[in-house]
Amino acid sequence: NSDDKNELRSPICCIMGHVDTGKTKLLDYIRGTNVQEGEACGITQQIGVTYFPAENIRERTRELKADAKLNVPGLLVIDTPGHESFTNLRSRGSGLCEIAILVVDIMHGLEPQTIESLNLLKMRNTDFIVALNKVDRLYGWKTCRNAPIAKAMKQQSKQVQMLFNDRLIQIITQFKEQGLNTELYYKNKDRGDTFNIVPTSAISGEGIPDILLLLVQWTQKTMIERLTFSKEVECTVLEVKVIEGHGTTIDVVLVNGVLHEGDQIVVCGLQGPIVTTIRSLLTPHPMKELRVKGTYLHHKEIKAAQGIKIIAQGLEHAIAGTSLYVVGPDDDLEDVKNKTMEDMKSVMSRIDKSGEGVYVQASTLGSLEALLELLKTPVNIPVRGISIGPVHKKDVMKASVMLEKINEYATILAFDVKVTQEARELADELGVRIFTADSIYQLLEQFKAYINNLKE
Ligand code: GTP
Ligand code: MG
Ligand code: NA
């Protein structure tokens with residue numbers, strides 16, 4: 001492979017943290033969009049992907065008078081949900097990124113999903129910046145729109161500065177309890193092992209230039225080791241979506257390499273590997289979210305890193321959370337097909353050999369894995385079958401096999417998927433129970449309550 005050593009790809013930055021700390025709002029502020037207010041209940045439930053061109057970031061950091069020259073094409077930013085049910089999406093997001101922004105609400109300090117996110121980052125040894133968000137909520141805060149944070153801080157009264165310092169010290173102590181050194185970034189000259197804290201407001205923009213500058217400086221420092229462009233395609237399927245006029249499409253994150261229109265690709269499918277050809281490569285406009293409906297840009301080829309919508313035939317049974325492979329001229333198709341199905345091995349091995357157990361269904365491979373893991377302890381609930389996507393009649397048929405054996409296992413545990421009308425009717429007719437919930441924990445609780453009821 002004759003990879004060009006001087007060519008760099010865009011780094012991937014993941015935004016993580018507890019629910020409602022302001023992750024999406026921070027991105028909205030930088031993009032000049034309003035994604036957060038369009039979310040159901042103001043809660044993020046999907047991974048979001050946005051591309052920020054280098055030019056835009058340079059513009060936003062000008063006031064800091066630092067050398068914000070970017071040698072990468074841009075920055076790909078991944079927004080993750082903070083709600084406790086979406087551990088799988090936080091895990092997937094953090095698995096894709098080179099650097100993260102951990103958002104902490106200055107009024108709340110570290111919260112359960114802050115710590116969960118922190119542990120994911122520690123596990124993968126991912127560098128991160130803490131955004132200490134919602135500084136505008138400190139009583140008496142004087143708005144300094146878009147200002148670098150040190151400048152904004154100087155404008156504050158002694159009282160506000162004291163309030164801020166109290167909270168900052170508390171939060172640094174909470175990080176210390178998690179085994180991490182943190183420090184306000186402009187006091188953290190000799191970084192070493194001390195992580196930077198940047199106070200921010202997603203409402204009035206204080207500290208936003210600082211966050212962007214730190215991201216730029218980080219990329220400059222680590223570019224050569226981590227961001228060298230490779231021709232080897234590294235690509236993850238985020239979502240499988242039906243789009244009017246295009247049929248079933250997949251949203252992917254291209255981490256490295258390049259995709260072309262006409263490339264032969266292999267995707268992990270429920271009924272085996274899917275071999276197909278890329279018909280169109282679409283992206284949203286720069287600074288717009290992939291998950292928000294809008295107009296798309298067509299590309300003949302796209303270089304990493306990017307969030308892309310792929311249009312191709314036969315994607316109906318593609319599985320979110322798995323890897324996509326390109327079949328190169330020197331590749332053996334059978335080898336690529338085998339490699340593609342590797343991702344399914346862990347869930348397949350979870351199916352009970354006895355053929356007895358409940359039927360488990362989820363929207364993505366990641367959520368299915370999370371649900372299967374949850375069903376293991378403290379009491380192992382055996383699983384006889386699995387599926388990804390909506391509950392159809394055939395799933396009810398498969399679950400109904402248990403009716404005559406262990407009746408309580410004639411149950412479908414369905415997370416974040418639709419149940420078709422026909423499936424619902426057949427289940428009622430046969431006596432198969434379908435439990436649905438928006439959270440895997442609620443789902444387990446429902447099933448446990450049902451079992452306990454039977455015992456009484
Ligand atoms: P999830 O994705 O659901 O985990 O939440 P999130 O972290 O993306 O938070 P989101 O952007 O949805 O913001 C949550 C609430 O906090 C919204 O009502 C925002 O308007 C508000 N908010 C976010 N950032 C700030 C901030 O800097 N200052 C103030 N005052 N409010 C903020
Ligand atoms: Mg959000
Ligand atoms: Na929210």
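Of the contacts in the protein chain with a separation of 6 or more, 71% join residues 24 or more positions apart. Here a contact requires C-beta atoms, placed from the backbone, within 7 Å. The structure is a predicted model: local features need pLDDT of at least 70, side-chain atom pairs count only at pLDDT 80 or more, and totals for chains, interfaces and linings use all residues. Residues are numbered from 1 along each chain as its sequence is written, while chains are lettered from A and ligands numbered from 1 in the order in which they are written.

The C-alpha trace spans about 75 × 60 × 40 Å along its principal axes. Buried residues account for 43% of the 456 residues. A residue is buried if 20 or more other C-beta atoms lie within 10 Å of its own, exposed if 12 or fewer, and partly exposed in between.

The secondary structure comprises 13 helices and 21 strands. These are DSSP runs, numbered from the N terminus: helices are H or I with at least four residues, strands E with at least two. Seven strands form an open sheet with mixed pairing, in the order β2-β3-β1-β4-β5-β7-β6. Its edge strands, β2 (48-53) and β6 (181-184), each pair on one side only. Two strands pair if DSSP finds at least two bridges between them. Strand β2 runs antiparallel to β3 (residues 74-79), with six bridges. One residue pair is G48 with its bridge partner D79 in β3.

Helix α3 (residues 87-96) is mostly covered, with eight of its 10 residues buried. Among them are T87, L89, R90 and L96. Elsewhere, helix α8 (residues 333-341) contains K339. This lysine, K339, counts as partly exposed because it has 15 C-beta neighbours inside 10 Å. K339 and G205 are 134 residues apart along the chain, and their C-alpha atoms are separated by 45 Å.

Key
Two residues are in contact if their C-beta atoms, placed from the backbone, lie within 7 Å.
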